[in-house]
Amino acid sequence: MRVIRLEALSDNYIFLLHDPKQNIAAVVDPAEAEPVIRELAGLKAELVAIFNTHHHHDHVGGNQSLIQKFPQVKVYGGAEDKGRIPGQEVFLQEGDRVQFADRVAEVIFIPGHTRAHIAYYFLPQTADEPGELFSGDTLFAGGCGRLFEGTPAQMVESLSKLRSLPDNTRVWCAHEYTLKNLQFALTIDGNNTELQKRSYAVKAQRSRQEPTVPSMLGVEKLTNPFLRWEQPALQLAANSSDPVQTFARIRGMKDMF
Ligand code: ZN
Ligand code: FE
């Protein structure tokens with residue numbers, strides 16, 4: 001399975017999963033249909049699945065047109081999103097498994113950004129191959145999504161689930177927000193040398209207009225402030241010794257940043 005990253009809207013990424021053997025494709029969070037249709041035409045591949053992480057328009061905006069163009073496509077989303085995702089036929093819950101070509105993804109229920117948000121974790125096929133995590137607007141490179149429909153406690157639980165995946169997991173998040181996320185991270189975790197290195201590298205990448213997605217989960221664990229609620233530096237910045245309160249206060253600071 002090859003993951004093809006497509007740019008959409010102002011800062012969204014759409015991920016096209018392509019299986020060259022059967023020449024079929026699936027798409028994660030089609031913000032719009034045009035870039036997907038164009039890429040599929042180039043590959044001459046057939047679209048068999050739309051995997052939505054949550055109902056926001058910049059994630060499902062292309063569903064309707066893609067269904068019209070590929071009537072056989074199956075639309076997957078979270079069970080709690082029933083009625084909010086155009087064309088949804090499959091209602092997924094924590095622990096469900098979905099298949100694309102020869103790959104299996106585990107569904108992880110991660111409410112917080114919205115009350116229904118899910119992630120798709122494509123399991124590695126061998127021990128040293130990376131898994132592929134499609135984290136939508138929950139875990140970003142260097143950051144996390146805003147809390148629109150969930151509580152800090154929920155988000156901490158959701159991010160804990162993602163954090164428990166192996167370090168060599170590739171994180172495919174839905175927005176190019178990394179530079180700003182790391183600028184914020186430096187204001188509260190500035191002595192973190194891994195963070196300093198990463199932000200230096202990301203600055204250089206962005207000045208060349210290169211994408212910073214996917215990132216590696218191992219790097220996120222060391223540098224993303226929204227996975228580091230038990231670290232002394234972050235608890236100090238949040239003036240709290242409680243993990244959830246630390247997370248909540250840091251999220252609040254980011255909202256104002
Ligand atoms: Zn969203
Ligand atoms: Fe979004």
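The 4 donor atoms around the zinc ion (ligand 1) subtend angles that run from 88 to 170 degrees, so the arrangement is irregular. A tetrahedral assignment for four donors would require all angles to lie between 85 and 135 degrees. The model is a predicted one, and the values that follow are computed from it.

The protein donors of this zinc ion are His54 through NE2, His56 through ND1, His113 through NE2 and Asp137 through OD, and they lie 2.2 to 2.3 Å from the metal. Along the sequence, the donor residues follow the spacing H-x1-H-x56-H-x23-D. An iron ion (ligand 2) sits 3.4 Å from the zinc ion (ligand 1), and Asp137 coordinates both. Distant parts of the chain are linked by the pair of His56 and Asp137, which are 81 residues apart. His56 belongs to the loop between strand 4 (46–51) and helix 2 (57–60), while Asp137 belongs to the loop between strand 10 (132–136) and strand 11 (139–140). Both of these residues, His56 and Asp137, are buried.

Another buried residue is Asn181, and the reason for that label is its relative accessible area of 3%, since buried means under 20%. Asn181 is placed in helix 5 (residues 178–188). Apart from neighbours within four places in sequence, Asn181 is in contact with Phe140, Ala141, Gly142, Gly143 and Lys254.

The next topic is the packing of two helices. Helix 4 (residues 152–163) and helix 9 (residues 243–256) have axes 9 Å apart and pack at an angle of about 105 degrees. Helix 4 is therefore roughly perpendicular to helix 9, because that term covers angles of 65 to 115 degrees. On the helix 4 side, Pro152, Ala153, Met155, Val156 and Leu159 take part, and they meet Val244, Phe247 and Ala248 of helix 9. The residues of this contact divide into 8 nonpolar, no polar and no charged.

Helix 9 also holds Gln245, which counts as partly exposed because its relative accessibility is 33%. Gln245 and Gln205 are separated by 40 residues in sequence and by 33 Å in space, C-alpha to C-alpha. Gln93 has a relative accessibility of 49%, so it counts as partly exposed; the exposed class begins over 50%. Not counting residues up to four places away in sequence, Gln93 touches Ala79 and Val107. From Gln93 to Ser240 there are 147 residues in sequence and 34 Å in space, C-alpha to C-alpha.

Some points of backbone geometry remain. Most residues other than glycine have a negative phi, and most peptide bonds are trans. Leu9 is not a glycine, yet its phi is positive, at about 45 degrees. Leu9 lies in the loop between strand 1 (2–8) and strand 2 (12–19) and is partly exposed, with a relative accessible area of 48%. Asn23 likewise has a positive phi, near 50 degrees. The position of Asn23 is the loop between strand 2 and strand 3 (24–28), and at 25% relative accessibility Asn23 is partly exposed. Finally, the peptide bond from Val213 to Pro214 is cis, with omega near 10 degrees. Pro214 is found in the loop between helix 6 (193–207) and strand 14 (215–216).

Definitions and conventions: Residues are numbered from 1 along each chain as its sequence is written. Chains are lettered from A and ligands numbered from 1 in the order in which they are written. This is a predicted model: local features need pLDDT of at least 70, side-chain atom pairs count only at pLDDT 80 or more; totals for chains, interfaces and linings use all residues. Side-chain values use heavy atoms; hydrogens and water are left out. Axes are lines fitted to C-alpha atoms, for helices over the stretch in contact, and angles run from 0 to 180 degrees between N-to-C directions. Helices (H or I, at least four residues) and strands (E, at least two) are DSSP runs, numbered from the N terminus. Angles under 35 degrees count as roughly parallel, over 145 as roughly antiparallel, 65 to 115 as roughly perpendicular and the rest as oblique. Contact means heavy atoms within 4.5 Å. Ala, Val, Leu, Ile, Met, Phe, Trp, Tyr, Cys and Pro count as nonpolar, Asp, Glu, Lys and Arg as charged, and the others, Gly among them, as polar. Donors are N, O and S atoms within 2.8 Å of the metal (3.2 Å for Na, K and Ca); water is not among the atoms, so sites may look incomplete. Four donors count as tetrahedral if all angles lie between 85 and 135 degrees; four count as square planar and six as octahedral if opposite donors are over 155 degrees apart and all others between 65 and 115; anything else is irregular. Buried means under 20% relative accessible area, exposed over 50%, partly exposed in between (1.4 Å probe, protein chains only).
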